[in-house]
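Visitor: I would like to learn how to read a protein model. Please take me through a few features, with the general idea before each case.

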Amino acid sequence: MKSAIKVWRHQSNNYRFLGQTGKVISKTRIIEAPLGFKGPYWVVLVAIDKKTRLVGQWSDIGEPKIGMKVMGVLRRIGETGKAEAIEYGVKWKRAR
Amino acid sequence: MFIAGAYQTKFGELWDKDLNDLIVEAGEAAIKDSGIKRQDIDLVLVANMLAGNLEGQNHLGALAVELLGLNGVSASRVEAACASGGVAVNQAVNALKAKTAKNVLVIGAEKMTDKSSAEVSSGLMGAASEAERQAGLTFVGLYGLMARVYFDRFKMTKNDLAYVAVKNHKHASLNPKAQYPFAVDMETVLKSSCVASPLHLFDCSPITDGAAAVVVTDKARSKRDVAVAASGMATDSLSLTQRESLVELKATKLAMKQACRQSGLKPGDIDLAEVHDCFSIAEIMAVEDLGFCQKGEGFKKIKAGDFDHDGRLPVNLSGGLKACGHPVGATGVKQIVELAIQLRGEAGQRQVKKVNTGLAHNVGGSGATAVVHILRKL
């Protein structure tokens with residue numbers, strides 16, 4: 001659970017890859033989730049270019065596949081804290 | 001530098017013991033084993049990662065000196081995630097080299113089983129990056145991402161991975177202090193439930209309570225003492241996404257390079273090793289990155305028995321993190337204890353014949369910190 005101020009401070013960084021496209025280079029299906037998350041869900045490792053890689057949750061029907069072209073979309077991430085600040089960030093779906 | 005005293009508590013779900021009990025048991029026993037007088041201990045280092053999170057207890061250096069009746073002595077906590085133990089031993093060696101201490105007591109201790117798996121999992125993610133936490137990753141997930149890339153690159157299968165757990169459980173069956181002192185078969189490993197694909201329960205080290213302690217000293221006093229031939233430590237990016245390669249831990253390679261330079265030894269000179277098998281894929285990468293075999297060959301050599309008790313280079317005779325258990329702050333110290341016991345010839349039924357040189361490899365996070373120690377028989 002994060003404070004409202006922390007959620008606010010993270011905004012610009014959280015939205016950095018919104019609308020970006022990349023390629024799935026690895027994936028894992030989390031069954032046993034940490035606090036604040038409910039499994040199972042897929043997490044993908046995406047390469048934006050040769051230097052930039054990032055991790056994010058999968059937000060599409062069907063499974064992610066290695067080599068699949070994907071796009072960053074805005075989604076709610078994590079749970080609402082006591083301050084009721086809803087945190088948004090980028091998750092990944094198949095680029096069409 | 002020399003390891004004079006060495007002791008490990010039983011690892012496991014120790015419901016009747018709290019963090020203080022573990023610190024006292026390990027600390028007292030290591031001092032006694034060293035033959036060094038209590039009043040000659042001049043530095044105490046406590047390796048621990050999660051006591052602040054899980055126990056609400058910080059300030060562990062002061063806690064340990066109070067519990068051991070060493071008030072007045074210099075003391076502090078050392079934290080480097082799962083490499084806390086290895087880093088604490090490295091810091092002890094550095095203090096001796098700098099001549100700021102003569103006899104250092106290093107205690108690694110962790111109390112983990114009072115909390116739920118989700119709470120422990122979230123606490124451990126403190127060793128990862130903010131982006132990795134935001135993605136809902138766990139450490140199993142982070143190593144799962146590495147395993148997936150390794151699978152595709154080197155045509156490894158889940159069956160190949162399973163040999164790591166089978167080997168380490170077989171070793172643990174000879175270690176009464178292991179959390180799981182019993183052998184398991186391939187079927188048990190392969191049928192265990194998935195935690196984070198492609199890794200299953202038996203690919204993962206468990207949640208464990210336990211402690212281990214060593215006394216590191218500047219002079220050898222007895223034939224039982226073991227020389228510290230090298231103490232190398234290196235780092236890489238905290239974030240998995242910023243690594244050069246996803247199928248190796250560069251920090252391990254760098255720490256090994258330092259250790260070889262300091263000792264004048266090569267990977268081929270090592271007689272036995274305790275490596276950081278927090279997940280089965282981690283042991284496979286470790287034996288490759290330490291130079292015990294070529295990249296992409298690790299799983300084949302494990303399958304072929306190269307690293308078995310009777311193989312060319314026994315790896316994880318204690319049972320490793322997988323079967324001996326992984327009380328995170330204690331693990332790196334336990335590896336040193338295991339090597340010291342083997343090099344002294346006091347390992348009982350798991351004793352290896354003709355051992356002169358042992359290597360300990362301890363990793364923090366998904367590979368951000370790595371420590372390599374080489375110990376030698378006097």
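Guide: Start with burial: a residue is buried under 20% relative accessible area, exposed over 50%, and partly exposed in between (1.4 Å probe, protein chains only). B:Asp160 is buried, with a relative accessible area of 7%. This is a predicted model, in which local features need pLDDT of at least 70, side-chain atom pairs count only at pLDDT 80 or more, and totals for chains, interfaces and linings use all residues. Residues are numbered from 1 along each chain as its sequence is written, chains are lettered from A and ligands numbered from 1 in the order written, and side-chain values use heavy atoms, leaving out hydrogens and water.

Visitor: Which side chain does B:Asp160 meet in a salt bridge?

Guide: A salt bridge is a side-chain nitrogen of Lys or Arg within 4 Å of a carboxyl oxygen of Asp or Glu. The partner of B:Asp160 is B:Lys303, at 3.5 Å from N to O. Helices (H or I, at least four residues) and strands (E, at least two) are DSSP runs, numbered from the N terminus. B:Asp160 lies in helix H8 of chain B and B:Lys303 in helix H12 of chain B, so the bridge ties together parts 143 residues apart in sequence. B:Lys303 is partly exposed, at 45%.

Visitor: How many salt bridges does the structure hold?

Guide: Over all chains there are 22. Among them is the pair B:Arg344 and B:Asp33, whose closest N and O atoms are 3.1 Å apart. B:Arg344 is in helix H14 (residues 328-344) of chain B and B:Asp33 in helix H1 of chain B, 311 residues apart. B:Arg344 is buried at 16%, whereas B:Asp33 is partly exposed at 21%.

Visitor: At what angle do the axes of helix H7 and helix H11 of chain B cross?

Guide: Axes are lines fitted to C-alpha atoms, for helices over the stretch in contact, and angles run from 0 to 180 degrees between N-to-C directions. Contact means heavy atoms within 4.5 Å. The axes of H7 (residues 139-154) and H11 (residues 280-289) of chain B come within 10 Å and cross at roughly 65°. On the H7(B) side the contact includes B:Tyr143 and B:Met146, and on the H11(B) side B:Ile281 and B:Met285.

Visitor: How many residues of H11(B) are buried?

Guide: The count is 10 of its 10 residues. They pack against several elements of chain B, including H7, helix H8 (158-172) and strand E10 (357-364). Just after H11(B), B:Gly291 takes a positive phi of about 85°.
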